[in-house]
Amino acid sequence: MTEALDSLLDLLDLEQIEQDYFRGRSRSAVVPRVFGGQVAAQALVAAGRTVPEDRLAHSLHAYFLRAGDPGAPIVYTVDRIRDGRSFTTRRVVAVQHGQPVFHLSASFQTYEEGLEHQADMPPAPDPETLPTAARMLPEYADHFLDSGVVDRLLEARAAVDLRYVDAPPYGTVGEPREPRSQVWFRTNGKLADDPLLHVCLATYVSDMTLLDSVLLAHGRGGWATGDVVGASLDHAMWFHRPFRADEWLLYDQESPSSSGGRGLGQARIYTRDGRLAISVIQEGVVRVPR
């Protein structure tokens, strides 16, 4: 396990301060606010710690309410909404400086057999044939607002091996493309056999690139190039089948719409052998600076 992954796992290991109350720390992010994937993953950790181990997360729905302060702790309050025979529902509110910054509802289910079908996995090259972030990002250094962006991005993503199938938005600024993006990802090291941990790490990564396809449709490079400003508004995930976050996952993303200063991204995450593991939808603010 790499030092960066060990640090991320420590970040997700929340301190329990009372029954149904947890406290989390933040890490320095690429932008001066708490990374949305971090607070979503921590909230899911808090919810999962109040649920029997035989009940696995199958969905989450969340709203980002305020920008988080990376210099202050986050307190997660879990509300035990329902404990049924098959399903358990939890609501989590993340609070900083006396105000809610994030709200999550999550549902957990005991395993059961059922009808089976899925959308086919789209074609994609093998992840080993694609450049690593350490090799790719320096090639675009002159596209960013300042040279420090490369180092900050590499540091922020050091726990995850994330590889773009095609050039990222900041690589083709000014060239509108099909609103679709693919990345392969896995953690930089092996993880324990804890299903909740793998789900939480996939949640963490899911907020990194989902709105890329919105930017591609308009030839925009993103916050790092200064041609848009934005933030996540809401986030939803459905966990269909077992997977491991320390094995390659294909994140196939597209944007069906942008309007009113908002962009919508939707995606499917597949295991390398073609099983549909997760569906994701996110809307975010995507504004052109005035």
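The model is predicted, so local features were kept only at pLDDT of at least 70 and side-chain atom pairs only at pLDDT 80 or more, while totals for chains, interfaces and linings use all residues. Residues are numbered from 1 along each chain as its sequence is written, and side-chain values use heavy atoms, with hydrogens and water left out.

Secondary structure follows DSSP runs: helices are H or I stretches of at least four residues, strands are E stretches of at least two, and both are numbered from the N terminus. Two strands count as paired if DSSP finds at least two bridges between them.

Strand 1 and strand 2 run antiparallel and are joined by 3 bridges. Glu18 has Tyr21 of strand 2 as its bridge partner. The two strands form a hairpin with 2 residues between them. Asp20 is found in this loop. Its phi is near 70°, a positive value in a residue other than glycine. Asp20 is buried, with a relative accessible area of 12%. Buried means under 20% relative accessible area, exposed over 50%, and partly exposed in between, with a 1.4 Å probe and protein chains only.

Strand 2 presents two faces. Phe22 and Gly24 make up the covered face, Tyr21 and Arg23 the uncovered one. On the way to the next strand, 4 bridges pair strand 2 with strand 4 in the antiparallel sense. Gly24 is bridged to Ile74 of strand 4.

Strand 4 (residues 74–83) pairs with strand 5 (residues 87–96) over 8 bridges, again antiparallel. Within this pair, Asp79 stands opposite Arg91 of strand 5. Arg91 also has a bridge partner in strand 6, namely Ser105. Strand 5 and strand 6 are antiparallel and share 10 bridges. They form a hairpin with 2 residues between them. His97 lies in the loop between strand 5 and strand 6. Though not a glycine, His97 has a positive phi of about 50°. With a relative accessible area of 60%, His97 is exposed, whereas Asp20 is buried. Strand 6 continues the order to strand 3, its antiparallel partner over 9 bridges. There Ala57 stands opposite Phe108 of strand 6.

A pocket is an open set of points on a 1 Å grid over the protein atoms alone, with protein on both sides within 12 Å along at least five of seven lines; lining residues have an atom within 4 Å of a point. The second largest pocket holds about 930 Å³ of space. Its lining comprises 29 residues. Gln109, Phe239, His240, Arg241 and Pro242 lie nearest the centre. Strand 3, strand 6, helix 5 and strand 9 each give two or more residues to this lining. By class, the lining divides into 14 nonpolar, 8 polar and 7 charged residues.

Another buried residue is Ala156, at 16% relative accessibility. Ala156 lies in helix 4 (residues 148–156). Ala156 and Leu8 are 148 residues apart in sequence, yet 9.9 Å apart in space, C-alpha to C-alpha.

Methods
1 Å grid on protein atoms, 1.4 Å probe; cavity = no way out; pocket = protein on both sides within 12 Å on 5 of 7 lines; lining within 4 Å. Points joined across faces, edges and corners; volume = space filled by probe spheres on them. Nonpolar A, V, L, I, M, F, W, Y, C, P; charged D, E, K, R; others polar.
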